[in-house]
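Please find below a short note, written as numbered points, for a reader who is new to structural work. The sequence and structure are shown first, and the comments follow.

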Amino acid sequence: MKGKRRLWSIISMTVLTVALITSITVKERSSLLHDIDRGEDNDMVLSDSRNAHTRSSQEKEKIVTTYRKVLLFEGFRFDIPKFVRRDREGNYYVLDQNNHRICVFDPSEKFRFQIGRLGQGPEDLNHPTGFVIGRDGRLYVRDADNLRIQIFDQQGHRVAGFQSPLKTPSMAVNSHGEIFLNHPTKGHLISVYSSEGELRRQFGDLISMSRAYPGYSDDEKYRRLLSRVMMDMDEEDNLYVAYLFAPIIQKYDASGKLVWEQRLEGPFIDFLTKIFWAEMKHRTGEKQKLRAPFTMSIDGVQMAVICKSIAVDRTTNRIFVLLGFADIIYVADGVTGRKIELISQKKGEIGRGSLWTLTVNNGTLYGTRWARARCYRLVVSSTDPQRR
Amino acid sequence: MGRVVTKKNIGFYLTIAATFVVNGLILGHLFSNYDFLSVFRATPPPEEKHLHLNYGQPLPPFSGMTITGETIDTDFIHGKWALIFYFERYPVTDFLRYCEVLSQKYGSSGLQPVGITRVVTKELEHLLDNQPISYPVIVDSKNHLRNLLHFRYHRYGLLFVDPSGVIRLSLNRLMTPNDLRQLVERYLVGSINYEIEQDWVIKLQPGDLLPPYRLIDVKRGTRLTLQDLELISSTIIFFTAHCPSCRLPEYLHQLAMMERSASLEAQRLYFIFSRRFSLRELIDQMEDLTVTLDIYLAEEEFEVLGSPYVTRAPAWAEVIVIMTDENSRVRAIEPLDRWLAEFQKE
């Protein structure tokens, strides 16, 4: 009788212990950071919106600088606008992806004309995904579904072009008119082409999983996937890259030599990394509470985006990286790559991550929003008197 | 020598015969789909494998038998803008339907869609029974056209050919309705309408009864119609999206916010996601949210919103709020943003 009682008490104790451990684990998981809200003193509070009652593990990141969005080209109808760029005369160029064209506006935001339309002819475009304005004033367009790079003059006439199979939107053009494309399938991070499509040189190592995420084991299949970057170039032909799926930015000089590599840092970046891994685990069949609001599919693998866009301000030598969630911009120093600050929207306007691209021209930031098909000028203001 | 086939060994002979039949069927299938004899021929030039009909090339002459038994050939499309599309097996309902819409609108201007399929599936038959189409669909069971028009490595393909027989667009996939409209407008009208079309209207008016409309209860998995819901003085929020997967997290977040809002507690709210959303994705993402409200997924197009010529709703009309009165009739229709703003004011 005594033995039975002892057995029952051991069993019940074991069950209770297991239940306790489980409940603690579940609580810990459910209180993972999920939502973003602005707390007192303009702190950014990362919290779990699904479990408002369990906000035990809040993390804070001080936000001093904010921005507000000013609508551009009011009334004009885009269908997935991307990259607001300006030429030397102050004209605006906006890529209108699903309308297969680049819209040109004068400095007063009045529509002038369009470059390209749906088709496969010499001056046609088919789902273009990115473009840059070269130092020579030419437009270099990634004509994604026609698998080519198109070069137009400022009047919209095609002057050159070549076939290029990769569809990623990012590209840069140096002062010699050479085109920099992210072609990790060719074994290097960056491939440099002439305007006729001749491969001139390649540089940059592909990134391994352990380098992108220390502590995780390398997997060869992720090298090419992780080595997708967004890029921008400064006046001295230095190339700045931000990895789409890793919290890393790099600077290469004009000869293709790595100048520096910096990891993005801070609580918000840790939060983004958490989301990235939760999404990865979810995709491999592991049930996850935390899910990424914004993912991108590369070669059939769906991954959470860490950096959406990168822009270099040539006047202040600052780098702006649009992060993958909540419309938050990471600002770094162009000389060292060190973090300066985070910029987010004003209180009460915390974004859900709908900004899609970020560009900068003469110190002014421009963003495009996919969901509402709108373009904005981002007016930055600081609450810190020293930074105003 | 006794009888060769006896009761004892009949099983053996039947097995042998069945093996022959099955092998024959497999070989027949392989021969009809793959060019085995090429093994014995000289090695083909490497570029032949990836041949693709490109922009500016002439369309090769072809002929084929349609589902209705008529024979059509290149003469049928001569002098017309031909929209030739190929689907190997699974008909793309929206694409077929949209081609019909375009055919009716631009047929007099010379547009002639021609479908090509390898197999006439029950799904396709059912589709054609319910929504007859006026353009021919060729059955290409021997893959002659698939090989001739270089669709052989793809499940779908599309060629847009000008009246002189020159290819103006060649894709190894089908286009979205919006792209198709732009393509047709470019070549047949001469200009593309980038604005939202003027005939985008909400056909449902105040005072109207809501139409019978098939739904799935996402939580319970049961099927019902709109009339099964308690529609007296209720509010129906109807979610549509140009890209459902992209917008779903945002919509579910909005939904969770609405649920938490005390001002909406007294409302009889129904949330309906359009047919384009995926049930699996909805269930998946709802599990992550603590949403207790009833959510439904539409099983058919909500014809009272939009017109068949329009392929995308303006951003403001992606989420529509339909309010009903005490007689279950439509009281008002508003975009969600405006409705929420008014609510917050109250």
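This is a predicted model: local features need pLDDT of at least 70, side-chain atom pairs count only at pLDDT 80 or more; totals for chains, interfaces and linings use all residues.

1. The expected span of a helix is 1.5 Å times one less than its number of residues. Helices (H or I, at least four residues) and strands (E, at least two) are DSSP runs, numbered from the N terminus. By this rule helix α7 (residues 244-260) of chain B, with 17 residues at 1.5 Å a residue, should span 24 Å, and its end C-alpha atoms are 24 Å apart, which agrees.

2. Residues are numbered from 1 along each chain as its sequence is written, and chains are lettered from A and ligands numbered from 1 in the order in which they are written.

3. Chain A has four helices and 29 strands, and chain B has nine helices and 14 strands. A residue is buried if 20 or more other C-beta atoms lie within 10 Å of its own, exposed if 12 or fewer, and partly exposed in between, with C-beta atoms placed from the backbone. In chain A, 41% of the 388 residues count as buried; in chain B, 26% of the 346 residues do.

4. Two residues are in contact if their C-beta atoms, placed from the backbone, lie within 7 Å. For chain A, 44% of the contacts between residues at least 6 apart in sequence join residues at least 24 apart. For chain B, residues 24 or more positions apart make up 70% of the contacts with a separation of 6 or more.

5. Which residues of α7(B) are buried? They are Leu248(B), Pro249(B), Tyr251(B), Leu252(B) and Leu255(B).

6. Helix α3 (residues 93-106) of chain B passes the span check too: its 14 residues should span 20 Å at 1.5 Å a residue, and its end C-alpha atoms are 20 Å apart. The buried residues of α3(B) are Phe95(B), Leu96(B), Tyr98(B), Cys99(B), Leu102(B) and Tyr106(B). Seen down the helix axis, they fall within an arc of 165° (the arc of the directions from the axis to the C-beta atoms), so they line one face of α3(B). Their cover includes β3 (81-87), β4 (111-117), α4 (122-130) and α6 (177-189) of chain B.

7. Chain A holds an open sheet of four strands in the order β9-β10-β11-β12, with antiparallel pairing; two strands pair if DSSP finds at least two bridges between them. At the edges stand β9 (130-133) and β12 (158-163) of chain A, each with a single partner strand, so one side of each has no neighbour in the sheet. Within the sheet, β10 (residues 139-143) and β11 (residues 148-152) of chain A pair in the antiparallel sense over five bridges. There, Asp143(A) has Arg148(A) in β11(A) as its bridge partner.

8. Strand β11 (residues 269-273) of chain B is largely enclosed by the rest of the structure, because four of its five residues are buried. It runs parallel to strand β10 (residues 235-239) of chain B, joined by five bridges, and Ile237(B) has Phe271(B) as its bridge partner. Three bridges join β11(B) to strand β12 (residues 295-298) of chain B, also in parallel. Here Phe271(B) stands opposite Ile295(B).

9. A nonpolar core is a set of buried Ala, Val, Leu, Ile, Met, Phe, Trp, Tyr and Cys residues joined through C-beta atoms within 7 Å. The largest has 91 residues, of which Tyr140(A), Tyr243(A), Ile306(A), Ile310(A) and Val321(A) touch the most other members. Its largest share, eight residues, comes from helix α4 (residues 267-283) of chain A. Another core, of 36 residues, lies apart from it and includes Leu59(B), Leu83(B), Tyr106(B) and Phe160(B).

10. Two loop residues deserve a reader's attention. Most residues other than glycine have a negative phi. Asn143(B), however, has a positive phi of about 65°, and lies in the loop between β5 (137-139) and α5 (144-148) of chain B. His150(B) has a positive phi of about 60°, in the loop between α5 and β6 (156-161) of chain B. Asn143(B) is partly exposed, with 16 other C-beta atoms within 10 Å; His150(B) is partly exposed, with 19.
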